[in-house]
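Dear colleague,

I am passing on a structure that you have not worked with before, and my notes on what was found in it follow below. Please read them with the structure open beside you.

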There are 2 protein chains.
Amino acid sequence: MSNVPGKPKPKRRSGCPVSISLEMFGDRWSLLVIRDLMVRGFRTFKDFQESGEGIATNILADRLRKLEATGIITAEVEETDGRRVNYRLTKKGIDLAPVLLEVLIWGARHEETGAPSTLIVNMEKNREEFLAEVRRRWRDRDSTPLIPKFGAVG
Amino acid sequence: MSNVPGKPKPKRRSGCPVSISLEMFGDRWSLLVIRDLMVRGFRTFKDFQESGEGIATNILADRLRKLEATGIITAEVEETDGRRVNYRLTKKGIDLAPVLLEVLIWGARHEETGAPSTLIVNMEKNREEFLAEVRRRWRDRDSTPLIPKFGAVG
DNA sequence: GATAATCGCTTGCATTTTACAAGTGAGTTT
DNA sequence: AAACTCACTTGTAAAATGCAAGCGATTATC
């Protein structure tokens, strides 16, 4: 399964894990979709559309397709309603929880965000606890929101 | 220093720290520049150009400008050579180390990368130690590379 | 059982961003 | 002062994004 020499197929910029990761979710939207699946209990296309960030439907469809292609999420039609497609994080996807948590902490610390500082301080102090809860909810398919939709800044 | 009410300046998509963070470095290149400043000892425009990832010079110039504008890096002309501009991470910039580390670990775990697995396992086990070294090097302005340039996959 | 909603998209088009190649000007070396 | 290095800028084509509208397959309502 290794690259046979002479095959000019290197679509990757480099072998660096950071670079390879960024090729999968290094854009303005992918991590937001993952965030919503992870801590807001989103499951459907419509959920994302109405998330308030204002993602265009074609971009959303494109991102969902790509995230599925890279094995970060799965998509399956709901049994009880054939219109609905349920998106879920895979193990690979839920493993992005530490990344998301660090991004969240960094943003909250260095920018004026809508997140209450007490909540952030709490998450910083109890990183592992927070991550454990995220993972538990994923295992249990528990879709009740863990983190609220932060309001506007100020 | 707070936003005066009535000013219609909300260019931000939402108050979520993740969203705000992504507006600053959520693209294919910014985190690579930060990575190179952080663990490869890069300092100049030319360093980035030759990093092997193949960033175009206009994009690089744009990213450096934006990262400076958001306070993640600083740029100053070298005293001993007026042609050279030295880029450095600010405190805000070095605080992205945990984000980068988690992205690195995730990529190495879930994709076939050029990073030796022993190195990754080691970093996973000693996250804090690794971060402490990154911070020490930043404080001391120690530019010797901490992590090598990973080769192609395979 | 026809009609109207809902859901998850797709399509067309204008705008923005990116990629690629070449060039420029300030500063330095020879 | 000629050649060279460095950090960009400029022009142009290609690709990605944003926006509005539409569409086909369900499902709910009358």
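**Surfaces near the DNA strands and between the chains**

Of the 20 residues around DNA strand C, those that come nearest are A:T44, A:F45, A:K46, A:A61 and B:G82, and please bear in mind throughout that this is a predicted model. The surface near DNA strand C draws at least two residues from each of α3 (45-49) and α4 (57-69) of chain A and α4 (57-69) of chain B, with α4(A) giving the largest share, four residues. By class, the residues of this surface near DNA strand C divide into six nonpolar, seven polar and seven charged.

Turning to DNA strand D, 19 residues surround it, and the closest are A:G82, B:T44, B:F45, B:K46 and B:A61. Here α4 of chain A, along with α3 (45-49) and α4 of chain B, each supply at least two residues of the surface near DNA strand D, while the largest share, four residues, comes from α4(B). The surface near DNA strand D has six nonpolar, seven polar and six charged residues.

As for the two protein chains, the contact between them takes 45 residues from chain A and 45 residues from chain B. On the side of chain B that touches chain A, at least two residues come from each of α1 (17-25), α2 (30-39) and α6 (97-110) of chain B, and α6(B) provides the largest share, 11 residues. The residues on that side of chain B divide into 20 nonpolar, 15 polar and 10 charged.

With best regards

Conventions
Residues are numbered from 1 along each chain as its sequence is written. Chains are lettered from A and ligands numbered from 1 in the order in which they are written. This is a predicted model: local features need pLDDT of at least 70, side-chain atom pairs count only at pLDDT 80 or more; totals for chains, interfaces and linings use all residues. A residue is near a molecule or strand if its C-beta atom, placed from the backbone, lies within 6 Å of it. Ala, Val, Leu, Ile, Met, Phe, Trp, Tyr, Cys and Pro count as nonpolar, Asp, Glu, Lys and Arg as charged, and the others, Gly among them, as polar. Two residues are in contact if their C-beta atoms, placed from the backbone, lie within 7 Å.
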